[in-house]
Amino acid sequence: MNPPDANAPRARFGWIRPGWFLGGLALGLAGMAWLGYRSSRTDFHPDYIRIYQAISPETSYYPTLGEMESIVRAQCRPDQVLVIVGGNSILQGVWQPLGEVWSQRLQALLGERYCVINFAFRGSAPTDGGAVVAEALRKEFPRQIYIADEAPLTGVGSWGPESYRFPFWQAYFGGQLLPEAARDARVRELEADPVQRRALREIRIADAFGAVFHQNDWWNQVCYRWLCTIPSNLGPAIPELLKPRKDYPDQEPDATDPAWLARRYPDDVLPAEMQIERSAALFYHSRGADGRWRLADATRQDLSSLFATAFPAPLKARTLMLIGYDSPYYRGRLSPDEASRQQQAYEDTLRLWHEAGYPAIAYGRDFNENDYGDRIHLSKLGGAKLAEAVAPAVRQVAQKLGYIP
Amino acid sequence: MNALNRWVDRLPAPVRPLLAAVLSLAAGLAVALVLHYVLYRVGLPSQPFIYVSF
């Protein structure tokens, strides 16, 4: 046997054995995909109450559809009526500390036959986040009610702001949503626009990889439980950046805390807030011959059209829309004329939601200044009143749909 | 890399192919981990979302 020649040219890949390397690569990707899939079916938020800063896009944490579905599966039983809260910061419970979030109060009022899960995001639209989770779980939890909120005379599209579309695209491209012509038409509109088409293609590719490798599911779990590598305003640099998100608690302030009370209605923003307060009906109503406020026909038609296609037809009857009044601190500063116009705006909005096939209620008209933490968000006191207003409406929907005898 | 090659060359002949296979497998696994992480990071929006209450 000849001794190895020290001067012989080394193999092309040095000590690397391509077959073993590619085998390791394939095994590694398969293993990561399996871990990701496991993560998508694992509830790693055992004490989940609501989305808060450390697990929201505000800190570059994007909860996946699977992650949110797992929370529901862990907390709710299929024999319960699933009540998913979506919508924006008002329903998320801004100004309401943990333990006194309005959705917790709603759960207490509804009792054990219902299971309330809060998936509202700050600045989110009624058709985002929680709406997608509820629709994706419609077969597992057929007895479900979805609650969302919106301001008066505000249109609602098939999806909301870009920042919160991530679960929608996951569900849409993953085939987890009901067929809906209006949604498909909007997707085609995006595809017709060269800039949007490119963005949509990137999302589609990312979601296709996600469907196989579940990369967001796995790395979200890593970020939440063990080690986070995503810079955010929680910890822009090491070592705070690396802290797992579970170590950042939900620290929503209490609006009734004396430290915050003084800042609840600051004088310097009063003109701007009053401008917003007046704008609810300013542009859309005019006095009719009978002296009553009339909603412009074009606005009525626009809103009717948007509400008609906001949710798929089979889901409308289980979608409870809430239209909230602002704090009386601002409403009380409206002139009688402005106040009557605003009241007409609320009545018109409710009527349009009802005509489109949705149960809808208004809340807050009889709330006082202490029930709010600012112009629109409710304090824990207002949150408790909201829960008391919503619970009978939820029961009514449940009975009407035959969920509860 | 050269140092690693020299170290491998000094090992007894029967161990060399086995070690190379194990290291190659480990390298493949490590690259898979990195690729998986890169897939996650490139999917995140480059601009953070800033919430403003109106």
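**What covers what in chain A**

Q: In this predicted model, what covers the buried residues of α2(A)?
A: The cover includes α1, β1 (81–85), β2 (114–118), α5 (130–136), α6 (166–173) and α9 (215–225), which belong to chain A.

Q: Which residues of α2(A) are buried?
A: They are A:Leu65, A:Gly66, A:Glu67, A:Met68, A:Glu69, A:Ser70, A:Ile71 and A:Val72.

Q: Why is A:Ala33 called buried?
A: The cut-off is 20 or more other C-beta atoms within 10 Å. A:Ala33 has 20 C-beta neighbours inside 10 Å, so the residue counts as buried.

Q: Where does A:Ala33 lie, and what does the residue touch beyond four places away in sequence?
A: A:Ala33 lies in helix α1 (residues 18–40) of chain A, and touches A:Val212, A:Phe213 and A:His214. As for A:Phe209, 176 residues apart from A:Ala33 along the chain, the two C-alpha atoms are separated by 9.8 Å.

Q: How many residues does each chain put into the contact between chains A and B?
A: Chain A gives 31 residues and chain B gives 28. On the side of chain A that touches chain B, α1, α8 (194–213) and α9 each supply at least two residues. The largest share, 10 residues, comes from α1(A).

Q: How do the residues of the side of chain A that touches chain B divide?
A: There are 16 nonpolar, 11 polar and four charged residues on that side.

Technical notes: Residues are numbered from 1 along each chain as its sequence is written. Chains are lettered from A and ligands numbered from 1 in the order in which they are written. This is a predicted model: local features need pLDDT of at least 70, side-chain atom pairs count only at pLDDT 80 or more; totals for chains, interfaces and linings use all residues. Helices (H or I, at least four residues) and strands (E, at least two) are DSSP runs, numbered from the N terminus. A residue is buried if 20 or more other C-beta atoms lie within 10 Å of its own, exposed if 12 or fewer, and partly exposed in between; C-beta atoms are placed from the backbone. Two residues are in contact if their C-beta atoms, placed from the backbone, lie within 7 Å. Ala, Val, Leu, Ile, Met, Phe, Trp, Tyr, Cys and Pro count as nonpolar, Asp, Glu, Lys and Arg as charged, and the others, Gly among them, as polar.
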